[in-house]
Amino acid sequence: MIKRILKEPITHFLVLGSLLFTAWNYLAPSQESENNEYVIVVDQAKFDHLKTLWKAQWKHEPSNEDIAAILERHIRKEVFYREALTMGLDQSDEIIRTRLAQKMEAVASDLSNLMQLPSEQQLKEFHQARPELFTIAQSFAFEQVILTPQEAQEPKLSEIRAQLIANPNTLNSFENRRSVPNNWPLMPENTLKNAFGGTFVEQLAKQPTEQWVGPIESGFGLHLVKIANNTPEHLAPFSDIRDYVLEQYKYYAVIDSQQKMFETLLKKYRVRLEADTIPTEIEQEFAAL
C-alpha cells in the first residue's frame, strides 16, 4: 500500500512542494528583511516625534512604562495600517480619501509658508487688485422709533415728529419697543437687512440725513427714522487695514499654492467622465483636462 502511494504522481508533487516551501522559509528571512513593507523602523527622529506627541498630551516626561506603551501603540498601529493597505481596505473609503487629500493640501500650504513676507508695495498691489475683499458696504447710522398703527396716522404722526425735532429726549419715551434699540451706530447694509429686512434698507438709502422721515416699513412695523450718517460703498484705505490685507495675502497665497500644486499633479492623470447624467457642457469642460 505504502509503495503504491509513493509511486503516485500526486505524492511526488506534494513532496517537491514541501521541499520548496522549506527552502523558501530558510532563505526568506534575509530577503524579507530587505522588503520595507515588512520592516518597521523606529529611528531617533520617529522616537523623538512619538515622545513629543505624548508629552504634549500629558505635560510631563514619559516613564519607561509609558515609553513601552508608546512604542507598542505605534507598532500596533503600523502593523494594522500596512495590513489594511495590503488588503485594500483603503479603497473606496471616503473618510480616508478626504483625509489624505487634506494632507496633500497641507503639504502645499507648508510650501507657501516658506515664502518671504511680501513687501509693502506687494501688499498695496494686492489691496488694489482684490477690491472685493476690502470694499466696505454702504453703511448707515440712525435713530428710529417704532410706531403703533394709531401713531402712524395723521395728525398723531406729525405731532410725534414735531416732538422729536423740538426735544431729542422725546426719543426715550419710545425706548426699546419690541426690544429694538432706538440708536443704531454705523452698520453695513447687510447687517441692517438681517435686522429689518431689505425693503427698510432700500428706503433708508433714499432718505436725507439729519431729518425725521417716515413712516418707513420693516418687519417690525412702521418707523420714524433720522439718519445721522449714510456712508456709500467704498474701498477701505490701505493704511487703515494694512494688517488685514497681510492676513488675506497669506491666506490666498496658501490657496494659490494648493491650486498650482493641483494643476501640476493633474497633468499626470487623465480624467474620464462616464456617468450618463453629467451635463454635456460639464463633460466638455473636463475633457480639456
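In what order do the four strands of the open sheet stand, and is the pairing parallel or antiparallel? The order is 3-2-5-4, and the pairing is antiparallel. Strand 3 and strand 4 stand at the edges with a single partner strand each, so one side of each has no neighbour in the sheet. On average, neighbouring strands of this sheet are turned by 40° against each other, direction ignored. The model is a predicted one.

**Overall content**

The protein has 289 residues, of which 24% are buried. Its secondary structure amounts to 12 helices and six strands. Among contacts in the protein with a separation of 6 or more, 65% are between residues 24 or more positions apart.

**Strand 2 and its partners**

Strand 2 covers residues 139–147, and eight of its nine residues are buried, so the strand is largely enclosed by the rest of the structure. Buried here stands for a relative accessible area under 20%. Strand 2 pairs with strand 3 (residues 183–188) in the antiparallel sense, over four bridges. Its pairing with strand 5 (residues 221–231) is also antiparallel and comprises nine bridges. Strands of a sheet pair through backbone hydrogen bonds, either parallel or antiparallel. The table lists residues of strand 2 with the residues they face.

| Residue in strand 2 (residues 139–147) | Opposite residue | Strand of the opposite residue |
| F142 | W184 | strand 3 (residues 183–188) |
| Q144 | V225 | strand 5 (residues 221–231) |

Which strands does helix 9 lie across? Helix 9 (residues 189–196) lies across strand 2, strand 3, strand 4 and strand 5, and runs at about 125° to strand 3. Helix 8 also packs on the sheet, where it touches strand 2, strand 4 and strand 5. The direction of helix 8 makes about 125° with that of strand 4.

The loop between strand 2 and helix 8 (156–166) contains P155. The peptide bond joining E154 and P155 is cis, with omega about 5°.

**Helix 3 and helix 4**

Two packed helices are described by the angle between their axes and the distance between the axes. For helix 3 (residues 44–58) and helix 4 (residues 64–86), the angle is about 110° and the axes are 11 Å apart. Angles of 65 to 115 degrees count as roughly perpendicular, and helix 3 and helix 4 are therefore roughly perpendicular to each other. Their crossing is right-handed.

On the helix 3 side, the contact involves K46, F47, L50 and W54. These residues meet D66, I67, I70, L71, R73 and H74 in helix 4. By class, the contact holds six nonpolar, one polar and three charged residues.

**Positive phi angles in loops**

Where is K59 placed? K59 is in the loop between helix 3 and helix 4. Its phi is near 65°, a positive value in a residue other than glycine. K59 is exposed, with a relative accessible area of 69%; the cut-off for exposed is over 50%.

E210 is not a glycine either, and its phi is positive at about 60°. The residue is placed in the loop between helix 10 (198–204) and strand 4 (212–218).

Conventions: Residues numbered from 1 in each chain as written. Predicted model: local features only at pLDDT ≥ 70, side-chain atom pairs only at ≥ 80, totals over all residues. Heavy atoms only, no water. Buried < 20%, exposed > 50% of the residue type's maximum accessible area, 1.4 Å probe, protein only. Helix = DSSP H or I, 4+ residues; strand = E, 2+ residues; numbered from the N terminus. Pairing = 2+ DSSP bridges. Axes fitted to C-alpha atoms, helices over the stretch in contact; angles between N-to-C directions. Parallel < 35°, antiparallel > 145°, perpendicular 65-115°, else oblique. Left-handed = near helix turned anticlockwise from the far one by under 90°. Contact = heavy atoms within 4.5 Å. Nonpolar A, V, L, I, M, F, W, Y, C, P; charged D, E, K, R; others polar.
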